Amino acid sequence: MNDAKARIVARAKAIGFDLVGVTHADRFIFTQRTFEVRVREGLLGQWKYLPADVERLCAPSQTLPGARSIICTATCYLTEDEPHDPAAPGLRGAVSRHAWGLDYHRVIGGRLRELADFIAAEFPGERCMPCVDTGPLVDRAAAVRAGIGWFGKNANVLTAQFGSWVLLGELITTLELPPDEPLKKNCGGCVECVARCPTGAIGADGAVDARRCISDLTQRKTPIPRDLRAAIGNRVWGCDDCQSVCPVNERKASAARSRTRSAFQPLPQVGTAVDLPAVLRMTKSEFRSRFGPTSMAWRGKAVLQRNAAVALGNSRDPAAVVHLIDALNDRKPLVRGHAAWALGELGGTQARAALDRLLAREPDRWVREEAELALAHSAGT
C-alpha cells in the first residue's frame, strides 16, 4: 500500500495541502482521558460535551464504521499582511489572522472532498469522511499522531515547517495505509505563550482554560465576564498572542509567508482591522455581505457587535462615545449591555447622561445592572 499512500499524498499536495501525514484509526485513548478530565474541571467553558460526545470524537470508527486510517493535512494560512495591534487606541478592531480571509471550514472542507473523490475513483469501494475543526474527530491529536507536528504548550499543533500557522483537516477512511511516526519533539522549557497570554488562560501543563481564552470569549454568545473585558483590547474576533510570541513561529514566519495563499488573504471588506462603529451599526444584509464569506459569521451579527462595543470601550477615544450611545437603542440586550459598559469606561458628561436615559427606559434587568455599574465606574474616574 506504499504506492497508494504516495499517490494520495501527491494528490493532496497538488490540491493545496502543505503537509500530509497518515495514522491508524484506533481510538485516541490518552486523549479521551484528558478530554474527560477537562470537561469535569469545566475548562472547556461554553463548549458542552456529554460523555457520549467525547467517546465519539475519540473513536474514529464510530464516525465511519470500518475506518482503518486517518489522512491528516495541514495548510499554512500565514500571509505577508501585518495584523492590527490589539492594544492600539482608536476606532479600528483587530481580527485574528485565520479569520480575515475566506472561511477556512469551506476552503479546507472543499479540498478534503476533492481528495475523497480521488480516493473513491482510485480505490473503488473505499469510503471517506472529511473532518474540519468542529468534528467529528479530535483533529489536533490526530495530526500529532500522524507526525504533522507536536503539541505546543498553548495546545496548538506546532509544525517544523510553518510553526502553528496551519489549518488542520482530516479524512477518516476505510482504506488501510501505512502510518507515519509521530515527531519526537516538544517545547522543552519554553513558556513564552504561558507567560504572555493576556488573561492567564494557559496553564503550565498545557491545559487552556476556555473560560479565559480571548479567542473563546469573542465567540461566546453570552455576556463577556466584566473582569476580562479590558484584556480584550480592540480585538473584534480571535486572539493570536500565544502564537505571535512563540519562538518556533518567529523562526518559521519568513518561509511561510513566501508562499501565495489567495484564499487566506484579507478580504477587501474586512482587511486586517475593521471599522468598529461600522460593525456596531451594520444591518443584517450588511453583516451577511461583509462577514458572510468569513469564519466570523457563524455566531451571528449580535456577537460581533458586542465585541465591537467592548473594543470601543477599550479604545481610549472620545469619538467612540456617540457610536456607543446609538448602540444603546439596539434590539439585542447583549449589545445594549456591553455598550453601556463601554460608555462607563470612556466616561464623560455625554456618556453619563446617555446611561441615565437608558436606565429610565430599559426593561432588561441585566442591561440595567450594566448601566448602573457603568455609571458608578464613570463617576469614580
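The model here is predicted: local features need pLDDT of at least 70, side-chain atom pairs count only at pLDDT 80 or more, and totals for chains, interfaces and linings use all residues. Residues are numbered from 1 along each chain as its sequence is written, and side-chain values use heavy atoms, with hydrogens and water left out.

Two residues can be set side by side.

| Residue | Place | Relative accessible area |

Helices (H or I, at least four residues) and strands (E, at least two) are DSSP runs, numbered from the N terminus.

Ala278 and His323 lie 45 residues apart along the chain. Their C-alpha atoms are separated by 9.1 Å.

Thr79 makes a polar contact, side chain to side chain, with Asp81 (2.6 Å). Such a contact is a pair of N or O atoms within 3.5 Å; within protein, one must be able to donate a hydrogen and the other to accept it, and residues adjacent in sequence count only if both atoms are side-chain atoms.

Three strands form an open sheet in the order 8-3-9, with mixed pairing. Strand 8 (235-237) and strand 9 (273-275) are the edge strands, each pairing on one side only. Strands pair if DSSP finds at least two bridges between them. Strands 3 and 8 run parallel and are joined by two bridges. Ala94 stands opposite Arg235 in strand 8.
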